[in-house]
Amino acid sequence: MTISTNTNIRRKKLVLGITGGIAAYKAAELVRLLVKAEIDVQVVMTTAACQFITPVTMQALSGKPVFIDMWDSSISNGMPHIELSREADAILIAPASADFLAKLVHGRADDLLSTLCLARDCPLLVAPAMNKQMWEAPATQRNIAQLSADGVTILGPESGVQACGETGLGRMLEAETLLAHINSHFTPKLLANKRVLITAGATIEKIDPVRAITNLSSGKMGYAIAQAAADMGAEVTLVSGATALATPHNVTHISAISAENMYQAVMKNIATLKFGPKDMFISVAAVADYSPAQTSTQKIKKSEQTLTIALTKNKDILAEVASLPNAPFCVGFAAESENLLEYAEAKRLAKKLPLIVANLATDAMGSDDNQVTLLDKNGAHTFARAPKVAVAQQLLQHVVKMLQQ
Ligand code: CTP
């Protein structure tokens with residue numbers, strides 16, 4: 001899973017609590033990812049956690065001293081539990097041991113981490129990690145239910161092979177998945193109760209069993225929009241052509257290889273989910289405009305000096321969706337190599353779209369950044385060059401404003 005930096009989480013203050021369990025080793029990778037996402041991470045460990053991973057490792061990765069001791073004299077006011085929890089935007093306990101969950105339920109405060117959880121004035125998220133029997137034990141299940149009822153967010157665990165050799169539920173979520181949850185936690189839910197269908201990536205039109213017509217789209221822009229929309233609370237379906245990307249967290253993925261597959265998948269979803277004007281269709285895929293009139297069942301052998309392949313025009317998925325009687329709010333993308341705004345606006349009008357995103361194909365394709373201009377009936381809105389996930393957030397915020405008008 002590839003998680004891009006979400007502008008909503010930059011500079012947020014997160015206390016990462018590490019408790020005693022073998023999954024503590026994954027906390028090292030988590031800190032690295034959190035720091036990379038520009039989150040201000042303060043690590044607090046229990047003494048049991050120090051048996052599994054050293055505070056030196058966590059200090060080196062977070063760039064800050066790690067707190068363990070309730071009586072740490074380096075904290076200015078002598079009240080580390082108050083100071084740390086007062087400053088935090090959220091507390092994440094990863095891994096959260098069965099014992100620590102039990103402590104939280106009972107409001108125990110016998111070490112720094114449990115005390116600052118009790119003294120907190122911010123959301124608490126826990127990522128349980130334990131042996132499957134411990135997870136399934138009625139006591140743990142009662143504790144989890146109670147923590148949920150108390151407003152604590154429970155992340156995972158997931159199923160898989162465990163450190164003890166058994167297989168089952170109890171593994172801590174992977175660091176990248178936890179980062180995705182943190183991303184989502186800090187993102188305002190502007191798209192709650194909205195459904196968003198997105199196409200992304202390149203289509204592949206087969207010529208024969210080993211050859212095809214495709215294009216250079218990486219899918220990164222469409223996937224970034226899918227991730228941003230899911231973080232903003234939308235129910236997201238991603239109809240994806242060929243990409244090397246992993247499906248973003250909380251997104252339903254449908255694979256569609258050819259333009260015709262993509263057309264069928266989009267139309268089926270719109271009909272099944274009964275999409276209407278309050279829903280969104282964002283067409284980011286680089287759909288082949290033409291496909292071979294015939295796909296040879298056998299590999300074409302070379303013979304003549306020239307080879308002509310007859311192509312037939314594919315359906316324009318976006319134009320078809322936009323012309324449906326009860327069409328969703330449609331957003332198109334125009335990837336051009338010249339006359340960017342002129343061509344993009346012509347496409348917007350021809351396909352009858354409320355909004356089109358204009359970008360230079362040569363510039364955007366494959367890159368992690370993008371520089372776009374949005375065109376709607378009020379004219380052009382140019383955004384500064386930014387990582388695609390930041391562009392995705394700005395685009396969706398613009399759509400939310402348009403839907404409100
Ligand atoms: N699109 C689509 N189905 C197609 C072709 C394009 O849904 N068969 C969508 C794209 O996803 C994009 C928009 O239409 O949102 C514009 O795509 P683009 O390839 O830039 O333009 P075309 O309409 O194909 O025109 P041209 O290739 O001539 O520039």
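Modeller: Start with a cut-off: a disulfide is a pair of cysteine sulfur atoms within 2.5 Å. By this rule the chain has zero disulfides. Keep in mind that this is a predicted model.

Colleague: How do you know that Cys117 is in no disulfide?

Modeller: Take the nearest cysteine sulfur, which belongs to Cys122 and is 8.5 Å away. The cut-off is 2.5 Å. Cys117 is therefore in no disulfide.

Colleague: Why does Cys117 count as buried?

Modeller: Buried means under 20% relative accessible area. Cys117 has 1% relative accessibility, so Cys117 counts as buried. Cys330 has a relative accessible area of 2%, so Cys330 is buried by that cut-off.

Colleague: What are the overall figures for the chain?

Modeller: There are 14 helices and 21 strands. The C-alpha trace spans about 80 × 50 × 40 Å along its principal axes. Of the 405 residues, 49% count as buried. Among contacts with a separation of 6 or more, 67% come from residues 24 or more positions apart.

Colleague: Now the helices. What describes a packed pair?

Modeller: Two packed helices are described by the angle between their axes and the distance between the axes.

Colleague: Why are H1 and H2 called roughly parallel?

Modeller: Helix H1 covers residues 24–36 and helix H2 covers residues 55–62. They pack at an angle of about 15°, with their axes 9 Å apart. Angles under 35 degrees count as roughly parallel. H1 and H2 are therefore roughly parallel to each other. Their crossing is right-handed.

Colleague: Which residues meet there?

Modeller: H1 brings Ala27, Ala28, Val31 and Val35. H2 brings Thr57, Met58, Leu61 and Ser62. By class, the contact of H1 with H2 has six nonpolar, two polar and no charged residues.

Colleague: Which residues make the contact of H1 with H8?

Modeller: From H1, Lys26, Glu29, Leu30, Leu33 and Leu34. From H8, Ala175, Glu176, Leu178, Leu179 and Ile182. By class, the contact of H1 with H8 has seven nonpolar, no polar and three charged residues.

Colleague: Next, Ala224. Why is Ala224 called buried?

Modeller: Ala224 has a relative accessible area of 6%. The limit for buried is under 20%, so Ala224 is buried. Ala224 sits in helix H9, residues 220–231.

Colleague: What does Ala224 touch, not counting residues up to four places away in sequence?

Modeller: Ala224 touches Lys388, Val389 and Ala392. Pro387 is 163 residues from Ala224 in sequence, yet the two are 9.3 Å apart in space, C-alpha to C-alpha.

Colleague: Let us turn to the backbone. What is the background for phi and peptide bonds?

Modeller: Most residues other than glycine have a negative phi, and most peptide bonds are trans.

Colleague: Which residues does a cis peptide bond join?

Modeller: Pro95 is in strand E3, residues 90–96. Another cis bond joins Gly156 and Pro157, where omega is about 0°. Pro157 is in the loop between strand E5 (153–154) and strand E6 (158–161).

Colleague: What makes Arg11 worth a look?

Modeller: Arg11 is not a glycine, yet its phi is positive, about 65°. Arg11 is in the segment before strand E1 (13–18).

Colleague: Is Arg11 buried or exposed?

Modeller: Exposed means over 50% relative accessible area. Arg11 has 64%, so Arg11 is exposed.

Colleague: How do you know that Asn250 is exposed?

Modeller: Asn250 has a relative accessible area of 56%. The limit is over 50%, so Asn250 is exposed. Asn250 lies in the loop between strand E11 (235–240) and strand E12 (251–255). Its phi is near 65°, a positive value in a residue other than glycine.

Conventions
Residues are numbered from 1 along each chain as its sequence is written. This is a predicted model: local features need pLDDT of at least 70, side-chain atom pairs count only at pLDDT 80 or more; totals for chains, interfaces and linings use all residues. Side-chain values use heavy atoms; hydrogens and water are left out. Axes are lines fitted to C-alpha atoms, for helices over the stretch in contact, and angles run from 0 to 180 degrees between N-to-C directions. Helices (H or I, at least four residues) and strands (E, at least two) are DSSP runs, numbered from the N terminus. Angles under 35 degrees count as roughly parallel, over 145 as roughly antiparallel, 65 to 115 as roughly perpendicular and the rest as oblique. A crossing is left-handed if the near helix is turned anticlockwise from the far one by less than a right angle, and right-handed if clockwise. Contact means heavy atoms within 4.5 Å. Ala, Val, Leu, Ile, Met, Phe, Trp, Tyr, Cys and Pro count as nonpolar, Asp, Glu, Lys and Arg as charged, and the others, Gly among them, as polar. Buried means under 20% relative accessible area, exposed over 50%, partly exposed in between (1.4 Å probe, protein chains only).
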